[in-house]
Amino acid sequence: MEPDHRQTEDKRKELGRSDEPVEDELVEEFENTVTEGADRLNRTWRALVITGLFGGIDVGLGIMAMLAVKEATGSELLAGMAFGIGLFALRLAHSELFTEDFLIPINAVVARHGTWLQLVRLWAVTLVTNLAGGWLFMWVVAAAFPQFEQLLLEVSLGYLEDGLTLETAALAVLAGSTITLSTRMSQGTGNDVVTALISLISGLLVVGLGMLHGALNSIVVFGAMHQGAAISYTDWFVWFLWVIPLNMLGGLVIITLPRLVRTLELIRKERAEQGEKIRRQEQEQERAGGALRRP
């Protein structure tokens, strides 16, 4: 009997530090994402607006770096890597980018640490404030660097002129999945150097390869419009209406859904614990209410 017990303990040590049926790294990552996701979902309106606005400003910073490098080198890939500065700023400043919310808050919702209504509020406020912050920042950039006028026009028309085709749809799906994947990778490390490397690679892929990202590309288009490009808000909005759903498809279906399936046991356990906690709280409230009603 004792040898069997020792064999079980030895086997558990081989498998990892915890008793969960998945790798220890996944357990730690799941716990971290649920905690951070719950924090994002429960932000006040003021905090949501400010983090979203700064998300747009951080992206604008990356676009400014992208324009400078592209003008100097003519290289799409180097310009994309320069844009990674904006993504790195997002990480360090704890700002919010719309497509970053396709994984972490969803983990919190499915684990019963938040509601779907809170998730919709987070998405809507973040998207609108990303665009508003980027619009304002690019107005300053356009005023400060008039030499970028032709470059901004060329880049913006490259995003808008082809419309919805199989190629552009695929580029939008890839943009959503790439940014969501980079968010997951950043969540798995506390090393700023690694985070910077992930940001540069993400910029190289998304911007350097000409993927279509609703929030990022919109801020570039706003810069061109500020400098007098013949692009109307209607032209931009029609493009935006089909790019954003495809970004969501890429982030949610390609990255988030398989991740949820991979950690299904952890989700079930966390949901059960949260359900029990909620039931205890409701019982305590009922007892407190009954005590108050007694004469």
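**Salt bridges and ring pairs**

Reply: Glu36, Arg40, Arg43 and Glu96 are linked in a network of salt bridges. The model is a predicted one. It holds 6 salt bridges.

Me: What makes arginine 40 and glutamate 36 a salt bridge?

Reply: The N to O distance is 2.7 Å. The cut-off is 4 Å, so the pair of arginine 40 and glutamate 36 qualifies. Both residues lie in helix H2 (residues 24-41), 4 residues apart, about one turn of the helix.

Me: Why is arginine 40 called buried?

Reply: Its relative accessible area is 7%. Buried means under 20%, so arginine 40 is buried.

Me: And glutamate 36, why is it called partly exposed?

Reply: Glutamate 36 has 26% relative accessibility. That value lies between the limits of 20% and 50%, so glutamate 36 counts as partly exposed.

Me: How do you know that glutamate 96 and arginine 43 form a salt bridge?

Reply: Their side chains meet at 2.2 Å, N to O. That is within 4 Å, so the name applies to glutamate 96 and arginine 43. This pair links distant parts of the chain, 53 residues apart. Glutamate 96 is in the loop between H4 and H5. Arginine 43 is in the loop between H2 and helix H3 (45-73).

Me: Is glutamate 96 buried or exposed?

Reply: Glutamate 96 is buried, at a relative accessible area of 0%. The cut-off is under 20%, so the label holds for glutamate 96.

Me: Why does glutamate 276 with arginine 280 count as a salt bridge?

Reply: The closest N and O atoms are 3.8 Å apart. That is within 4 Å, so glutamate 276 and arginine 280 count. They sit 4 residues apart in helix H12 (residues 264-293), about one helical turn. Glutamate 276 is partly exposed at 34%. Arginine 280 is partly exposed too, at 42%.

Me: Now the rings. How many aromatic pairs are there?

Reply: The structure holds 7 aromatic pairs. In one of them, phenylalanine 102 and tryptophan 123 have ring centres 5.8 Å apart and planes at 90°.

Me: Why is the pair of phenylalanine 102 and tryptophan 123 called edge-to-face?

Reply: The centres are within 6.5 Å, so phenylalanine 102 and tryptophan 123 pair. The 90° angle is over 60 degrees, so the pair is edge-to-face.

Me: What makes this pair a tie between parts of the chain?

Reply: Phenylalanine 102 lies in the loop between helix H4 (76-93) and helix H5 (104-110), and tryptophan 123 in helix H6 (residues 116-144), so the pair ties together parts that are 21 residues apart in sequence. Phenylalanine 102 is buried at 0%. Tryptophan 123 is buried at 15%.

Me: Why are phenylalanine 237 and phenylalanine 240 called stacked?

Reply: Their centres are 6.4 Å apart, which is within 6.5 Å. Their planes are at 25°, under 30 degrees, so the pair is stacked. Phenylalanine 237 and phenylalanine 240 are 3 residues apart in helix H11 (residues 233-262), about one helical turn. Phenylalanine 237 is partly exposed at 40%, whereas phenylalanine 240 is buried at 8%.

Me: Which residues form one aromatic cluster?

Reply: Phe222, Trp236, Phe237 and Phe240 form it.

Me: Where does the charged end of arginine 121 sit?

Reply: It sits over the ring of tryptophan 45, 4.8 Å from the ring centre. The distance limit is 6 Å, so arginine 121 meets that part of the test.

Terms used
Residues numbered from 1 in each chain as written. Predicted model: local features only at pLDDT ≥ 70, side-chain atom pairs only at ≥ 80, totals over all residues. Heavy atoms only, no water. Phe/Tyr/Trp six-rings, centres within 6.5 Å; stacked < 30°, edge-to-face > 60°. Helix = DSSP H or I, 4+ residues; strand = E, 2+ residues; numbered from the N terminus. Buried < 20%, exposed > 50% of the residue type's maximum accessible area, 1.4 Å probe, protein only. Lys NZ or Arg CZ within 6 Å of the ring centre and 35° of its normal.
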